[in-house]
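User: I have not seen this one before. Can you walk me through it?
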Amino acid sequence: MFSILASKAKTSRANKTGSWRSLKKPKYLKTNCIGCKLCKLICPEGCIEGKEKNQYDTNLDYCKGCGLCVYICPKKDIEMVDEDK
Ligand code: SF4
Ligand code: SF4
């Protein structure tokens with residue numbers, strides 16, 4: 001009954017959802033990254049791109065600002081910053 005209202009995980013590529021963020025966005029510092037890919041694996045939107053250490057970054061057109069990438073990063077190489085920075 002509710003399947004029409006729910007959206008499947010990682011389907012927001014079809015609809016840009018970056019405008020849903022209201023306060024914070026992730027900023028990749030690109031200094032201590034070890035290329036573990038944990039940020040990419042945990043992102044519910046599948047919007048983190050990159051293959052080598054210090055090259056990972058978020059496609060802000062699709063990032064909803066949940067902060068999971070910041071939480072999981074073992075090197076603290078991602079920060080949540082104000083939307084206007
Ligand atoms: S804040 Fe959330 S949606 Fe945005 S890149 Fe990080 S894990 Fe993905
Ligand atoms: S979780 Fe942190 S250390 Fe791992 S790939 Fe992402 S930015 Fe790099």
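Analyst: One term to begin with: two residues are in contact if their C-beta atoms, placed from the backbone, lie within 7 Å. By that rule M80 touches K24, P26, G67 and V70, leaving out residues up to four places away in sequence. Bear in mind that this is a predicted model.

User: Ok, where does M80 lie?
Analyst: M80 is part of strand β4, which covers residues 78-82.

User: What is the C-alpha separation of M80 and L23?
Analyst: The separation is 9.4 Å, although M80 and L23 are 57 residues apart along the chain.

User: Back up a bit. How many helices and strands are there in the protein chain?
Analyst: The protein chain has two helices and four strands. Their order along the sequence is β-α-β-β-α-β.

User: And how much of the chain counts as buried?
Analyst: The chain has 85 residues, and 20% of them count as buried.

User: Which residues make up the largest nonpolar core?
Analyst: That core has twelve residues: Y28, C33, C39, C43, C47, I48, Y56, Y62, C63, C69, C73 and I78.

User: What does C43 touch?
Analyst: Setting aside residues up to four places away in sequence, C43 touches I48, L68 and C69. C43 also belongs to the largest nonpolar core.

User: What share of the contacts join residues at least 24 apart?
Analyst: Taking contacts in the protein chain between residues at least 6 apart in sequence, 69% join residues at least 24 apart.

User: Now the ligands. Which residues come nearest to ligand 1?
Analyst: There are 13 residues around ligand 1, and C43, C63, C66, L68 and C69 come nearest. By class, the shell has eight nonpolar, three polar and two charged residues.

User: And which come nearest to ligand 2?
Analyst: C33, C36, L38, C39 and C73 come nearest, out of 14 residues around ligand 2. The shell of ligand 2 divides into ten nonpolar, one polar and three charged residues.

User: Let's do some loops. Where is K37?
Analyst: K37 lies in the loop between β1 (24-28) and α1 (38-42). With 13 C-beta neighbours inside 10 Å, K37 is partly exposed. K37 and C69 are 32 residues apart in sequence, and their C-alpha atoms are 9.9 Å apart in space.

User: What about K30, where is its place?
Analyst: K30 is also in the loop between β1 and α1. The phi of K30 is near 60°, a positive value in a residue other than glycine.

User: Why does K30 count as partly exposed?
Analyst: Because 14 other C-beta atoms lie within 10 Å of K30.

User: What is the phi of N54 near?
Analyst: The phi of N54 is near 65°, again positive in a residue other than glycine. N54 is in the loop between β2 (48-49) and β3 (57-58). N54 is partly exposed, with 15 other C-beta atoms within 10 Å.

User: Last one. Where does K16 lie?
Analyst: K16 lies in the segment before β1. K16 is exposed, with 12 other C-beta atoms within 10 Å, and 12 or fewer is the cut-off for that class.

User: What is K16 in contact with?
Analyst: Apart from neighbours within four places in sequence, K16 is in contact with D61 and Y62. The C-alpha atoms of K16 and Y62 are separated by 5.3 Å, and the two residues are 46 apart along the chain. Y62 is also listed in the largest nonpolar core.

Conventions. Residues are numbered from 1 along each chain as its sequence is written. Chains are lettered from A and ligands numbered from 1 in the order in which they are written. This is a predicted model: local features need pLDDT of at least 70, side-chain atom pairs count only at pLDDT 80 or more; totals for chains, interfaces and linings use all residues. A residue is near a molecule or strand if its C-beta atom, placed from the backbone, lies within 6 Å of it. Ala, Val, Leu, Ile, Met, Phe, Trp, Tyr, Cys and Pro count as nonpolar, Asp, Glu, Lys and Arg as charged, and the others, Gly among them, as polar. A nonpolar core is a set of buried Ala, Val, Leu, Ile, Met, Phe, Trp, Tyr and Cys residues joined through C-beta atoms within 7 Å.
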